[in-house]
Amino acid sequence: MLALIGGSGFTNDDVIENRREIVMETPWGQPSAPLIEGTLKGTPILFLRRHGVKHEFAPHCVPSRANLWALKERGVSGVIAVGTVGGIASDMGPGRIAMPDQLIDYTWGREVSYYEDFGKFGMKHVDMTWPFDRALSRALLDAADRLNKDVRREGVYACTQGPRLETAAEVRRMQRDGADMIGMTLYPECALAREIDLPYAGICVSVNHAAGMGECADEIDFASLESSLQKAVSGVVDIVAEAIKELK
Ligand code: HPA
């Protein structure tokens with residue numbers, strides 16, 4: 001069974017049917033919400049709301065260590081993580097779905113590793129050349145192809161600290177660094193998943209042009225951000241549902 005971590009677009013997570021809530025405790029505390037075991041369009045799935053039941057965890061406060069640990073403990077074979085993004089690349093306007101294949105970390109002060117308590121968990125350096133699991137990302141792209149959905153097939157995800165959005169100059173710097181989209185959540189999730197050998201892929205949905213770009217050249221309009229999100233999330237759900245039909 002696969003796990004799905006839902007971000008801001010999943011405030012209404014009743015796309016998951018036949019639900020059973022599982023309250024978990026981990027060495028890193030409780031996950032951001034009870035896990036929901038259920039089905040997505042008929043296929044079993046384990047769902048976790050990243051920001052909590054009442055959206056109480058801002059991006060820099062999400063208990064990612066507990067979240068990934070809890071999913072691993074339930075024995076999932078991989079994690080699909082949905083993240084909303086602001087688009088930097090010109091083809092990353094609102095509504096665009098993208099599968100990032102690279103990531104740059106601009107966060108600070110987050111709990112990014114399980115290797116803190118040496119005696120307890122040992123220590124290893126993980127390879128992050130490809131931060132997202134390539135087989136799982138491929139399976140999501142194949143699913144999108146089967147559904148004839150237009151998905152950007154790769155991209156560099158810049159992870160910022162949040163919860164504030166970026167300044168225009170910060171976005172220009174990230175553009176010079178090679179970033180295509182900006183979000184606040186896929187890091188440290190992807191690194192923690194790697195540390196515990198859990199295949200992890202991100203699927204991103206653009207809800208705005210990043211600050212200073214395109215329609216957001218002068219300011220970010222939060223009302224249109226919300227409506228783009230609601231429109232785009234159903235496309236992501238369709239792709240995930242199609243992908244998990246084939247994955248075990
Ligand atoms: N920046 C960072 N994270 C985001 C954005 C953004 O513009 N839009 C949605 N998540």
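Is Gln30 buried, exposed or partly exposed? Gln30 counts as partly exposed, at 46% relative accessibility. The scale runs as follows: buried means under 20% relative accessible area, exposed means over 50%, and partly exposed falls in between, with a 1.4 Å probe and protein chains only.

This is a predicted model, where local features need pLDDT of at least 70, side-chain atom pairs count only at pLDDT 80 or more, and totals for chains, interfaces and linings use all residues. Residues are numbered from 1 along each chain as its sequence is written, and side-chain values use heavy atoms, with hydrogens and water left out.

**Ligand site**

- Helices (H or I, at least four residues) and strands (E, at least two) are DSSP runs, numbered from the N terminus.
- The space taken by the ligand is the largest pocket. On a 1 Å grid over the protein atoms alone, a pocket is an open set of points with protein on both sides within 12 Å along at least five of seven lines. A molecule sits in a pocket if more than half of its atoms lie within 2 Å of its grid points.

- The side chain of Asn208 places an N or O atom 2.7 Å from a nitrogen atom of the ligand.
- A polar backbone atom of Gly86 is 3.2 Å from a ligand nitrogen.
- For Ile182, a backbone N or O atom lies 3.4 Å from a nitrogen atom of the ligand.
- The protein covers 94% of the 260 Å² of accessible area that the ligand has on its own. Accessible areas come from the Shrake-Rupley method with a 1.4 Å probe.

**Cis peptide bonds**

- The bond from Gly162 to Pro163 is cis, with omega near -10°. Pro163 sits in the loop between strand E9 (156–159) and helix H4 (168–177).
- Tyr187 and Pro188 are also joined by a cis peptide bond, with omega about 10°. Pro188 lies in helix H5 (residues 186–195).

**Positive phi outside glycine**

- Asn18, in strand E2 (residues 16–22), has a positive phi near 50°. Asn18 is exposed, with a relative accessible area of 62%.
- Lys41 has a positive phi near 45°. Lys41 is found in the loop between strand E3 (35–40) and strand E4 (43–49), and is exposed at 53% relative accessible area.

- Thr39 is in strand E3. At 13% relative accessibility, Thr39 counts as buried.
- The side chains of Thr39 and Asn18 are joined by a polar contact of 2.9 Å. A polar contact is a pair of N or O atoms within 3.5 Å; within protein, one must be able to donate a hydrogen and the other to accept it, and residues adjacent in sequence count only if both atoms are side-chain atoms.
- Gln30 is in the loop between E2 and E3. The C-alpha atoms of Gln30 and Val82 are separated by 20 Å, with the two residues 52 apart along the chain.

Methods: On a 1 Å grid over the protein atoms alone, a cavity is a set of points where a 1.4 Å probe fits but cannot get out, and a pocket is an open set with protein on both sides within 12 Å along at least five of seven lines; lining residues have an atom within 4 Å of a point.
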